[in-house]
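Take a look at the structure first, then read the points below with it open beside you.

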Amino acid sequence: MNAPDRKSVRGRLVWIALVVSLVVLALVFRQQLIAWFSGQSMAGSPGSSATVQASAEAPPGEAGASATGGMPSEIDHYTCSMHPSVKQAAPGKCPICGMDLIPVTKEQQQEGVVLIDDARRQLIGVRTGPVVQAPMRKEFRVVGHVTYDESSLADVNLKVHGWITKLYVSQTGQKVTRGQTLLSLYSPELYNAEQDFLLAGQGGATGSVSPGDGPSRVDSLARASRQRLHLLGLDDSQIEVLAKQGAPQESVPITSPASGFVIEKNVVEGASIDAGMRLYRIAALTQVWIEAQVYEADLANVRVGQVATVTMDYVPGKTYDAKVAYVYPYVDPQTRTAQVRLELANKDLDLRPGMYASVTLGANLGPRVQVPSAAVVYTGPRRLVFVDQGQGRFRPQEVSVGIASNGMYEVLSGLKVGEQVATSGVFLIAAEARISTASKYWDSTESPSGSDTGAMPMTPPVPMPEPGSPPAMPNAPASSIPMRAAPTNAPAMTALGATLPTEPPGTATTVYSCPMHPEVQSASPGQCPKCGMNLEPMPKGGMPMQKGGMPMPKRGTP
């Protein structure tokens, strides 16, 4: 046998081996190939290898039940891991994304138990912590501003009319001391009162008063003139100086009634002033107020005498101790806050009125049942935690929470001290629980049938409109939806399921359909009564249609 013959024999043997291999593979995987070509789910084939695969992919809790000799829980329904709203009584594929549906047992559905084995638990970082009862302190931060101590304000005003002859304190913000001369004043009324005082004193000394008057009248005139000077604003020291001089003063010095800083000045030298006019306002800054705005939700934790900590951006790293002096009995309707006054010593004059301040208030609430805030899951109107029941079982438990402080939530009801709850990886546990467990924890409203396991309601097919009339949309009046009117030459249409005119045997039948609305079919060309597009020819039966008039999606498309 020459070389070409040997090569041809070797080639035939290779082809025979390949054919035999393909035949063997087809026989071994015949059920999978048949299911794949027919578009059916392998999970529904009894006795197939898909059953073994489904058993292998069963949740860890079911596998553990079988290993211990117990019967696995009865399957309640099947759902999609990506679309939990899809619920079916039999296995299959998700009609939305095409993924295989996963089983949900009745135990999971009723109790909401989530099964997580040790490997997955370590992978997603699940950690647990105990429910504790410990002292709880509520601390909250509010914003305030520094203002003057109103009890230390002093005004300078006069009780006579006059003119300022000399102004000694001429600047706003100038520091003054008690008794310091602020200005000199000439007042005709005050000048006459000084003359009367001096005359009364001279008359008593010289005895110019008539004998019948007696010494009591002289004394009464002296006392009355002195009292008049007091009422006009002169103090005892100024009256004594006047008595020693023996002559009235044209320019009377006006002194400061308190020590502090001039925060308001309303006069200039040579100005005319009236009685009762405010000339200066003086404020002492050795003690200041902080007016803080507290939200009404925190007012229950504020009381008079409470210690607070004040910090300021002006003095970084330094804290001040203050006390709550007064809680105002009203709430600002615009900001919904109440004003709280704090008193603060300011010996170094570091705090200046108008500065912003950060105030931290705290209140001891006593022993409270607490869980970490990371353990609480918000599900609309409900608050859930996942209680660790051991052996990888986490049960969702609805709780009522109260005050939040320092990363902890107060538990009002739903948990007992000592129970273990998930504190890390809770989001992933909640996601799995939402997919496969009781929907009562996640649905905001109950279903009309009262069952949590019922399938999602299906929208009925849209009825086909009469020829020449606009179609009506489901659950909406036809008059509220603008539609394009059907052309007058539109042929009669038929909905899916209606019988078209029969054709003689052997005659090719062509059906015209709308590319955008496949449920619209006609035996003759025309326009779609819904969108007005031209109907395209389609061989009758050439496109498989689903129930309801929608085209059957191709394999691999969602």
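L13 counts as exposed, because its relative accessibility is 54%; exposed means over 50% relative accessible area, buried under 20%, and partly exposed in between (1.4 Å probe, protein chains only). The place of L13 is in helix 1. This is a predicted model, in which local features need pLDDT of at least 70 and side-chain atom pairs count only at pLDDT 80 or more, while totals for chains, interfaces and linings use all residues. Residues are numbered from 1 along each chain as its sequence is written, and side-chain values use heavy atoms, with hydrogens and water left out.

**The nonpolar patch**

- L13 belongs to a nonpolar surface patch of about 910 Å², together with V9, I16, V20, L22, V24, L25, V28, F29 and L33.
- Patches are made of residues with over 30% relative accessible area and no salt bridge; like charges are joined within 9 Å, and nonpolar side chains (Val, Leu, Ile, Met, Phe, Trp, Tyr) within 5 Å.
- The accessible areas come from the Shrake-Rupley method with a 1.4 Å probe, and for residues only the protein chains shown count as cover.
- Which helix gives the most to the nonpolar patch? Helix 1 (residues 3-28) does, with eight residues.
- Helices (H or I, at least four residues) and strands (E, at least two) are DSSP runs, numbered from the N terminus.

**Salt bridges**

- The model has 12 salt bridges, each being a side-chain nitrogen of Lys or Arg within 4 Å of a carboxyl oxygen of Asp or Glu.
- R121 forms one of them with D388, and their closest N and O atoms are 3.4 Å apart.
- This pair links distant parts of the chain, 267 residues apart: R121 is in helix 6 (residues 118-124) and D388 in strand 21 (residues 382-390).
- D388 counts as buried, because its relative accessibility is 19%.
- R228 and D196 form another salt bridge, with 3.0 Å between the closest N and O atoms.
- Here helix 8 (residues 214-231), which holds R228, is linked to helix 7, which holds D196, and the two residues are 32 residues apart.
- R228 is partly exposed, with a relative accessible area of 36%, and D196 counts as partly exposed at 36% relative accessibility.
- E410 and R368 also meet through their side chains in a salt bridge (3.0 Å, N to O).
- That pair is 42 residues apart, with E410 in strand 23 (residues 408-413) and R368 in strand 19 (residues 356-372).
- Is E410 buried or exposed? E410 is buried, with a relative accessible area of 9%, whereas R368 is partly exposed at 23%.

- Four strands make an open sheet in the order 11-10-8-13, with antiparallel pairing.
- Strand 11 (252-255) and strand 13 (272-273) stand at the edges, each with a single partner strand, so one side of each is left without a neighbour in the sheet.
- Strand 8 (residues 162-167) pairs with strand 10 in the antiparallel sense over four bridges; two strands pair if DSSP finds at least two bridges between them.
- I164 stands opposite L185 in strand 10.

**A buried serine**

- S187 is found in the loop between strand 10 (181-186) and helix 7 (188-206).
- With a relative accessible area of 2%, S187 is buried.
- Leaving aside neighbours within four places in sequence, S187 is in contact (heavy atoms within 4.5 Å) with V160, H161, G162 and E250.
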